[in-house]
Amino acid sequence: MKIFVSGGELIAKGALDAGVRFFAGYPITPASVIYEPIMRELPKVGGVSVGASDEISAISYCIGASLMGIKSMTATSGPGFSLMIESVSFALMSEIPVTIVLAQRLGPATGGATTTSQGDLLLAAFSNSGGYPIPIVSPSTIEESYEFIVHAVNISEVLRTPSIFLTEKEVTMTRKSVDLSSLKKPEILERKIYKGDGEFKTYNFKTLEDVPLFSPVGGKYLTRYTGSAHDKKGDLKKDDPEVLEVLYHLKEKIIKNIHKFFFYEYVERGSDILLLSYGITSESVREVSEEKNLSYLILKTLYPLEEEIIKSIFERYKKIVVIEENIIGSLYILIRHLLDNKGYSLTKIGSLISPFEIKKFLNSL
Amino acid sequence: MRDIFEIIDRPQNFPYCPGCGHTAIDMALARAIFELDIKNEDFIIVSDIGCVGLVDKLFSVHTVHTLHGRSTAVAVGIKMVDEVLFDNRLKVVVMIGDGGSTIGLLHLVEAAKTNVDIKVLIHNNFLYGMTGGQHSGLTPKDFKTSTTIKGNPFEALKIIDILRNSGATFYARTYSQDPELKEIIKEALTHKGFAAVEILELCTGYATRYNEMKGSDLKNILDYFGGKIKVKVKKESFGELYKSKFFNGKEDFEFKGIEIEKRISLKEPLKIVIAGSAGEGVQLAASLLCYSSILAGLNATQKNDNPVTVGSGFSISEIIISEKNIKYSGIEKPTYLIITSSDGFKRVKNLLNVSENVIIDESLSENKGYLRIPARKYLKVRGGPNYFSIGFLFGKFNLFGSEIFEKSVLKYGKSKEEVLEVFREGLNLGINYRVQSPI
C-alpha cells in the first residue's frame with residue numbers, strides 16, 4: 001500500500017506509534033507540518049496536544065507532562081529551539097525525558113523559513129549550559145523520519161534525557177510516495193520505573209552510567225526533581241561530593257549508553273574516497289555513490305559519536321569528503337580529530353546539495 | 001501528614017532570614033494542607049528560583065524545583081495530564097516570587113486563560129532578595145532597592161489585575177502576616193481551576209535596609225497594589241473543556257492508502273515544475289498529478305514554494321515522477337516547465353533556458369519555441385489554468401494515460417466535474433498538437 005505524505009506527517013505518525021501522548025507546540029515553518037497533524041490526531045488516540053504561547057511554554061509543558069510519566073514531544077525550528085535551550089538544560093539536569101524535533105531552516109535568526117539547511121547540528125549538540133552531551137538522531141531519507149522519531153523517543157525515555165531529532169525542511173515539507181510496508185518500526189522502549197519498597201531516591205544510581213529508575217510526580221513514592229545541583233535524593237546541595245558524582249553521571253549515562261542507539265549506514269564499494277554525510281544530503285550522496293562507485297558513510301546518530309567505529313571506517317580511505325548544507329562544516333568540525341588530515345569539507349547553503357555539485361567537487365580534489 | 005505538621009509553628013526549621021514572610025506563607029500552606037487532609041503523594045510543589053525555591057526540603061510532598069519563571073509552565077504540563085489522562089486527583093501548587101512571575105508572566109497569563117487547575121502563590125516582596133535586593137517588575141514607585149537607591153521611578157505591575165484580565169477564575173491579594181492567609185490558601189486549593197494568590201511581604205534582608213519601614217507599613221503597600229481582595233468565578237477547567245471538545249481516545253491515526261491501479265513503466269523520470277499564482281490552485285493540481293502517477297504504479301515527490309503570504313504572489317510546485325525510488329528531490333532541468341501566470345513566470349525565469357519543454361499561457365510570451373496555450377481562459381474554475389495545462393501535458397506528451405489523472409481527480413480532487421471539463425479541453429488541445437507535430 002502506497003501513501004503520499006510529507007516527512008512531517010511521518011514524524012507525527014511515528015511519534016504517536018512510539019507512544020507519545022503529550023505534545024505542545026508553537027507554529028513555525030518547517031515544523032508546523034508536524035504540529036498540525038499531531039494537534040488533530042493525538043486526542044483521538046488518547047493523548048493531549050496543546051498550542052503553547054511560545055516555545056519556552058511548549059517545552060516546559062512537555063517537561064511537566066513527562067514528570068507524570070507520559071512520553072512527551074515538541075517540534076520547532078532554529079528560532080524556536082533557541083528559546084527552548086534553557087529548558088533543554090533543565091530536562092538534562094533533572095533527568096526528565098523529552099523529545100525535541102528540530103526541523104532546520106536557513107539561519108541565522110529568522111533566516112529563511114522555507115529554505116532548507118543543515119546549520120543547527122552544533123547548536124543542538126551543545127544546547128545546554130554546562131557542556132553535557134545531548135543525543136541527536138537524524139533521518140537520512142523522508143521514509144526514515146518515521147523510524148528515527150521512534151529512536152529519538154526511545155533514547156529520551158530509556159536514558160532519561162532530552163533527545164533531539166534533527167531534520168530539515170526538505171524532509172518535513174516534501175511529500176513523497178511511500179510504501180507503507182517499507183517503513184521500519186523499531187521496538188518501542190519504555191522508561192524503567194521504580195517499584196521497590198525501600199527508600200526511593202529520584203536520582204539513584206550505582207555506577208555512573210546507570211539510568212536512575214523513574215517515578216512520576218503524584219505517584220506512590222515522593223519525588224524530588226530539581227534543575228539545581230543536587231545529590232541522589234534530589235536535595236539541593238553544593239559542597240557534597242555526591243553532587244559532583246551526579247554531574248559526572250549525567251555525562252557517563254549518555255556517553256556509555258549511546259552505543260545502543262548508534263545508527264549509521266556504511267556502504268563499501270572499494271573506492272579510495274569515502275563520502276560522508278547526514279540528513280537529507282545523504283540522498284544526493286547515495287546517487288553519486290551509485291553512479292561513481294564510491295563508498296559512503298551516513299551518520300544517523302549525530303551526537304555523541306561512537307568514535308572507534310568511525311575511526312575504523314576512516315582508516316580504509318585516502319580521502320574523506322564531508323558533505324553538508326551549512327557554511328561552517330558542522331559535522332566536519334565534530335569529527336575533524338578523526339580525519340587524520342584526509343578530510344575535505346564540501347559545504348553550501350541556499351538549496352539542496354545536488355549530485356552534480358558533489359561530482360564537481362570530487363573532480364576538483 | 002505528620003511530616004508537614006512538624007514544620008508548622010517551628011520557624012527555627014526554616015532556612016529564611018528571621019521575620020521573612022516566606023516562613024509565614026510556608027506555615028500557612030502547611031496548615032492548609034493539614035486541615036484539608038490532602039495526602040502527601042497527592043501534593044506537588046513546583047518551585048521557582050529565588051529564596052522561594054528553598055521550599056522543597058521543608059515539605060514531604062512531591063517537589064519540582066524548576067528554572068526561573070518556568071515553574072508555572074511546568075506545573076501546567078503536569079496538571080494538563082492529570083486533568084485529561086488521569087483522575088484529576090493532584091493538587092499542584094506553584095511557589096513563585098516577583099522575579100519568576102515577571103520573567104514567566106506569559107505562563108501565568110496562559111494558565112489563567114486556559115483555567116488549568118493549578119494554584120500559584122506569588123510571593124511579592126518587591127525585590128530580588130536572593131541576588132542582592134535589586135528592583136523587580138513588582139517594585140512599587142519610589143520604593144528603594146539596591147538598584148533604585150533614589151526610589152523606583154516606575155509603577156509596579158499589578159499582577160493580580162493582569163491575571164484577572166486574563167480570565168483567572170480565582171484571584172486574591174493579601175499580605176504575609178494576614179491572619180486569614182491560611183483560609184485564603186485553603187480556598188485556592190479547593191477551587192476548581194486556576195487560582196492565583198499574591199502575598200505581599202517585606203524582605204527583611206533588603207527592604208528594611210533601604211527603606212525606613214516596618215512590618216506594619218505593609219498595609220500601605222497593600223493599598224498601593226489595590227488592597228486585599230478575593231474573587232472567585234465559576235468556569236470550566238482546562239480538563240473539562242479539552243475532554244468535551246477534543247478528547248476521544250478511541251480512534252487510530254492511520255494514513256489513507258492509495259490502491260495502485262496499474263503499472264506503467266517510465267524510462268526516464270519526469271521533472272515537472274508548475275509555476276502559477278497563489279490562490280489559483282497550483283499545489284492541489286500538482287498533488288493530483290502526483291496521485292495519478294502513484295495510481296499508475298509510479299513514485300512521486302512534490303515540493304511547494306510560495307511567499308509567506310499564502311494568498312498572494314507566486315505559487316510553485318516541483319514534481320518528480322519516476323519508476324525508481326526518488327532520492328535527490330531537486331530539479332535543475334525540468335522536463336516540463338508549466339507557467340500559468342505572470343507571478344509564476346517571474347519566479348521561474350531562470351529555468352526557461354534549461355527546461356526541455358516550456359508550456360506557457362499565451363498571454364505571457366510570444367516565444368515560438370514555447371508551447372503557448374490559452375490556460376488563463378479557464379480562470380473561472382479554481383485551478384483552471386493549471387488543470388488545462390496538465391490536460392495539455394497529457395494530450396501532447398501522452399504521459400501515462402489521461403484516464404488515470406481523471407481517476408485521481410475523482411478520488412482526491414475538489415469541484416471534480418468542472419475540473420475534469422477543463423482538463424479534457426486541455427487534453428484535446430494537446431492531442432491536436434501531437435497530431436499536427438508528432439513528438
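Predicted model: local features only at pLDDT ≥ 70, side-chain atom pairs only at ≥ 80, totals over all residues.
Colleague: Let's start with β5(A): which residue there is the bridge partner of A:T76?
Modeller: The strands β4(A) and β5(A) run parallel and are joined by four bridges. The chain passes from β4(A) through α4(A) to β5(A) in a right-handed β-α-β crossover. Within that pairing, the partner of A:T76 in β5(A) is A:L102.

Colleague: And which residue of β7(A) stands opposite A:L102?
Modeller: Here we look at the pairing of β5(A) with β7(A), which run parallel and are joined by seven bridges. The residue of β7(A) opposite A:L102 is A:L166.

Colleague: Is β5(A) largely enclosed or left open by the rest of the structure?
Modeller: Let's take its two faces in turn. On one side A:V98, A:I100, A:L102 and A:Q104 are buried, and on the other A:T99, A:V101 and A:A103 are buried too. Seven of the seven residues of β5(A) are buried, so the strand is largely enclosed.

Colleague: Which strands stand at the edges of the sheet in chain A?
Modeller: The sheet is open and mixed, with seven strands in the order β3-β2-β4-β5-β7-β6-β13 (chain A). An edge strand here has a single partner, so one of its sides is left without a neighbour in the sheet.

Colleague: What angle does helix α4 of chain A make with β5(A)?
Modeller: Two helices that pack on this sheet are worth a look. Helix α2 (residues 32–41) of chain A touches β2, β3, β4 and β5 of chain A, and its direction makes about 130° with that of β3(A). Helix α4 (residues 78–93) of chain A touches β4, β5 and β7 of chain A, and its angle with β5(A) is about 155°.

Colleague: Why does A:L159 count as buried?
Modeller: A:L159 lies in helix α6 (residues 144–159) of chain A. Leaving out residues up to four places away in sequence, A:L159 touches A:P135, A:V211, A:K253, A:I254 and A:N257. A residue is buried if 20 or more other C-beta atoms lie within 10 Å of its own. A:L159 qualifies because its number of C-beta neighbours inside 10 Å is 22.

Colleague: Which element gives the largest share of the side of chain A that touches chain B?
Modeller: In this contact, 62 residues of chain A meet 58 residues of chain B. By class, the chain A side has 28 nonpolar, 18 polar and 16 charged residues. The largest share, nine residues, comes from helix α3 (residues 55–67) of chain A.

Colleague: Which residue of β2(B) is the bridge partner of A:R224?
Modeller: This takes us to a strand pairing between the two chains. Strand β9 (residues 224–226) of chain A and strand β2 (residues 62–65) of chain B run parallel, joined by three bridges. In β2(B), the partner of A:R224 is B:T63.

Colleague: Is chain B compact or more spread out than a compact globule?
Modeller: Chain B has 15 helices and 15 strands. Its radius of gyration is 34 Å, well over the 22 Å from the globule rule for 439 residues. The C-alpha atoms of chain B fill a box of roughly 100 × 50 × 35 Å along the principal axes. Chain B is therefore more spread out than a compact globule.

Conventions
Residues numbered from 1 in each chain as written. Chains lettered and ligands numbered in written order. Pairing = 2+ DSSP bridges. Contact = placed C-beta atoms within 7 Å. Axes fitted to C-alpha atoms, helices over the stretch in contact; angles between N-to-C directions. Rg over C-alpha atoms; globule rule 2.2 N^0.38 Å. Buried ≥ 20, exposed ≤ 12 C-beta atoms within 10 Å, placed from the backbone. Right-handed = clockwise from strand over helix to strand, strands pointing away. Nonpolar A, V, L, I, M, F, W, Y, C, P; charged D, E, K, R; others polar.
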